[in-house]
Amino acid sequence: MSRIGNKIITLPAGVVVTIDKNHVSVKGPKGTLERTIDPDIIVEVEGVELAVKRPTEQKRHKALHGLYRSLINNMVIGVSEGYKSQMEIVGVGYKASNQGNILELSLGYSHAVFVQIPNELKVTTAMEKGQNPKVTLEGIDKELIGQVSAKIRSLRKIEPYKGKGIRFVGEQIRRKAGKTGGKK
């Protein structure tokens with residue numbers, strides 16, 4: 001039994017969901033998102049409630065039931081409230097700046113790293129004295145924000161000894177002790 005799939009999605013004011021066979025479109029104050037879903041999954045809109053149903057109890061249908069319910073819920077939240085991802089860059093001399101949707105990062109390499117951010121997302125950078133540089137991504141598509149955040153993060157992964165690299169704000173890093181245990 002999919003407990004996630006059985007939950008009803010309540011549509012906020014101003015959000016309209018249209019279903020055309022296996023194509024779901026969600027339109028809200030922040031924009032429009034579309035997704036093609038499996039033809040077996042049934043999506044029904046009744047007033048301000050949206051229900052996702054499965055035709056049988058097959059393992060495949062159970063898996064898709066919860067998946068599509070979560071994806072549609074993320075679309076509804078995205079077009080009504082939006083999503084935000086904040087990352088901080090930890091390290092001496094590490095910098096971040098942006099010109100429009102091009103993000104420029106100095107991450108301790110011999111060259112600057114440039115990242116093209118998709119037009120659907122808005123990027124901002126903040127460098128305040130005494131604090132680590134911060135990069136903020138905002139948009140309506142949770143999946144796209146996650147992909148771009150992972151790409152930026154992979155440019156300089158957190159190392160466990162000094163904790164230098166790119167991390168999400170508030171993320172806890174497991175630190176290692178180092179070589180001090182070998183001395184007598």
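Two strands are said to pair if DSSP finds at least two bridges between them; strands themselves (E, at least two residues) and helices (H or I, at least four) are DSSP runs, numbered from the N terminus. This is a predicted model, so to speak of local features takes a pLDDT of at least 70, side-chain atom pairs count only at pLDDT 80 or more, and totals for chains, interfaces and linings use all residues. Residues are numbered from 1 along each chain as its sequence is written, and side-chain values use heavy atoms, with hydrogens and water left out.

On to the hairpin. E9 and E10 make one, with six residues between them, and Gly-108 in the turn has a positive phi of about 90 degrees. E9 takes in residues 102-106 and pairs with E10 in the antiparallel sense over four bridges; Ile-102 sits opposite Gln-116 in E10. Buried here means under 20% relative accessible area (1.4 Å probe, protein chains only).

His-61 belongs to helix H2, residues 59-80. His-61 counts as buried because its relative accessibility is 5%. Beyond its neighbours within four places in sequence, His-61 is in contact with Asp-40, Ile-41, Arg-54, Pro-55 and Thr-56, contact being heavy atoms within 4.5 Å.

As for the record, an unreviewed UniProt entry annotates residues 12-82 and 90-167 as "domain: Large ribosomal subunit protein uL6 alpha-beta"; such annotations may be inferred rather than shown by experiment. Residues 12-82 are 31% helix and 38% strand, with end C-alpha atoms 13 Å apart. For residues 90-167, the end C-alpha atoms lie 8 Å apart, and the span is 17% helix and 37% strand.

Methods: Buried means under 20% relative accessible area, exposed over 50%, partly exposed in between (1.4 Å probe, protein chains only).
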